[in-house]
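Subject: Structure handover

Hi,

Here is the structure you asked for. Please open it first, then read on for the findings.

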Amino acid sequence: MLADQARIFPINLAFALNCGGVCHPTGLEYYLRYLWAATLPIIVLTILGFGHRQQLLRNNIIEEYNSSSYAIYARARGIPSRQIFYKHAFRNALLPWVTQVGLDVAFLIYGLFFVEVIFQFPGIGYASVLAATTLDIPFLISTTFLFGLYTLLVLFVLDFVYAMLDPRIRLGE
Amino acid sequence: MSSLSFVKSVLRRRDAIVGLAIILFFALIALLAPLIAPFSNAYNPKAYFVASPDSPPAWARIFPPYSSLPPNIVLPPTPSYQLFKVPSAIQYWQVLDPVNSPVIKYSQSGPVGVLPPISGAFVSYDPTSGSELVNLTGDSTTPVPLYLYHEFGYNYQPPDYFYAQLLVKPITVQGASLAIFLFVQNEKGVYPVALFADSGAQTYLESLPNLGSGYLNYFATNTQSTLNKGAWNFISAITTASAYMPLVYLNKSVNPLLVSQTLFSEKGEYKVGELILVIPHGKYTIALQQTDFKFQIFGKIYGLLGTDANGADVWSEFVTGTRLALGIGFGASAITMAIGVLLGLVAGFFGGFVDSALIFLFDFLLLLPGLILLIDLDTIFTITHAVPNKALLITLLLGFLGFAGVSRIVRSQVLSLKTRTYVQAAQVMGASNFYIVRSHILKHTAGTIIALVTYIVPGLVIADAGLDFLGIGIINTPTWGNMLNNLLNQATASNGYLWWISLSVGLSIIALSVGFYLFGTAIQEEFSRFS
């Protein structure tokens, strides 16, 4: 509604991407235009997901900073609290957050169902909904397969990333 | 440690009271839905056009942009008169023959020039058919007009739509020709909105010096407008077919697309009704049978929550939507809780291989992408017609897919309770597993379970609304999701983005979530203090 009234950002993404059929941007211009068109959906998803992640990180930092033994030890050695915060507490508090972000990358794609329908963007979520409403089973199977593949891939990569960040986790043991 | 004191301690908290009040408010709406919703399904075309489409709610008049919008105006105003099943309905007519009153001799004797009582033989009620009878006798060679009309004051912006209709059956027409107009009269003049005439009257009207060509065009175009004797004639004027109105042919200054805007552009007294024009040649006798005249201006404000793009009552949609949302929410959560608590108890209490197997099942279900699974299953079960009712199908799907989270929480509770000394004491004393689960473990997880219900219900309500919003949930029935989905295509700047729909549904979902959250948190905190 804000977009409709102020006319800063488009609400129909597909329409915005090709200027209503007038232009066919290619290369860099296409991606810049894409970025501009995707601003509102990104803002929406950010606002929706922000609170929970912020809460998670905050709780972790408080826990690590105030009550973990290495933080107390560092403080006892007289290391400035700023350094304790960034070098020890923050780094360790980031670990569960990375898990969450990884799961987000895997599962936030399901938020795209709503975003794509609202902003009329013909993506894979919109395609699944279309397949479901038209009872097009082969189409639905293909989109489900793609979603499943994507989720598996992201979770797979996440395992490696986690092992890289946390030295306590070893691969292949 | 009675349950009564627990309830008391929960109800002493202000957040619990607020949460409970919100929940009860929506539960009350859902329970009373058949009583407080005027239309059981506002998406049925029968429920369309209770007022103009996209009308804001009536209370929006307190805001300046909406202050001069017209409400629904229906004439006659009382329902019994509208149905025309009571003889006194006749008295609602006002009768006038302004030009030639002396030449008309009414069948009832009375002083010349003075209008007779309306309920007399001049216009009377026919108890056998429930219709009005109009009797006119006289001797004249000049046309005799008889006006029957209703009066009302109109002090609003012009409306978008109105209609006027009447059924007329000429029984006796002797020595005269007959034309019947429906008209709207304001201070500027009389606007004929419908006209039926027999052949003699058509010839007469077409020979009028000023308007003849207009009537000629009208009768040439509208071949349906011939008055048939001895049969019922449906005379109707409706703005969606305003090109057929005679005023468009007679008065070239009226834009056929803006008839109601032109007619009701003035504020003040209006007359709407029927003009019976008798064109006699000597002695004449006219007897007409007719139903009561119906007239409605479709209001541009309506009811508690206005109307949608079909002119259907949004309050009805909201109420039926609330009923469905809460029904699905509580139904699905009942299934979820039943399965989830049972499996959680089993997994936590027995441990070992059972625990491992069930934990694998829970983790599998939790990691499975929920929405796409829901969409797939929904589509498959819809195609196979496995479940007769879409609402039931969604309830079952949401119920059977959502128990994993509940199970995990219950299981972890049971695991910690199992090591408590009183449980171990009961085991040593030889109590059966069933007894321990029932009177020790279940009793101490009750608070968590109740709190879980309150957390789960809004989630399920939102899931259902999401499915409906995507168009793969319940169709052809007003639900919150469907209302939001329609909004997507219908909200524009010109109708204020339909704020009366978006705000009512959006705020309801938020309020319901907050209410359940407050109540659930209060229960959980009180319970942990309690035990």
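Predicted model: local features only at pLDDT ≥ 70, side-chain atom pairs only at ≥ 80, totals over all residues.

Overall picture of chain B

Chain B has 17 helices and 11 strands. It runs to 531 residues, and 40% of them are buried. Among contacts in chain B with a separation of 6 or more, 77% link residues 24 or more positions apart.

Strand β11

Look at β11(B), residues 294-297. Its covered face holds Phe295(B) and Ile297(B). Lys294(B) and Gln296(B) sit on the uncovered face.

Which strands pair with β11(B)? One is β1(B), residues 73-75, which pairs with β11(B) in the antiparallel sense over three bridges. The other is β7(B), residues 162-186, joined to β11(B) by four bridges and also antiparallel. Gln296(B) takes part in both pairings: Val74(B) stands opposite it, and Tyr163(B) has it as bridge partner.

Backbone points to check

Most residues other than glycine have a negative phi. Asp54(B) is not a glycine, yet has a positive phi of about 55°. Its place is in the loop between α3(B), residues 33-36, and β1(B). Is Asp54(B) buried or exposed? It counts as buried, because 22 C-beta neighbours fall inside 10 Å, and the cut-off is 20 or more.

Leu498(B) is the other case, with a positive phi of about 50°. This residue lies in the loop between α16(B), residues 480-490, and α17(B), residues 499-530. Leu498(B) is buried too, with 22 other C-beta atoms within 10 Å.

The interface

How many residues of chain A are in contact with chain B? The count is 18, and they meet 18 residues of chain B. On the chain A side, four helices each supply at least two residues: α1 (2-6), α7 (112-118), α8 (124-133) and α9 (137-165). By type, the residues on that side divide into 12 nonpolar, five polar and one charged.

Best wishes

Notes: Residues numbered from 1 in each chain as written. Chains lettered and ligands numbered in written order. Contact = placed C-beta atoms within 7 Å. Nonpolar A, V, L, I, M, F, W, Y, C, P; charged D, E, K, R; others polar. Buried ≥ 20, exposed ≤ 12 C-beta atoms within 10 Å, placed from the backbone. Pairing = 2+ DSSP bridges.
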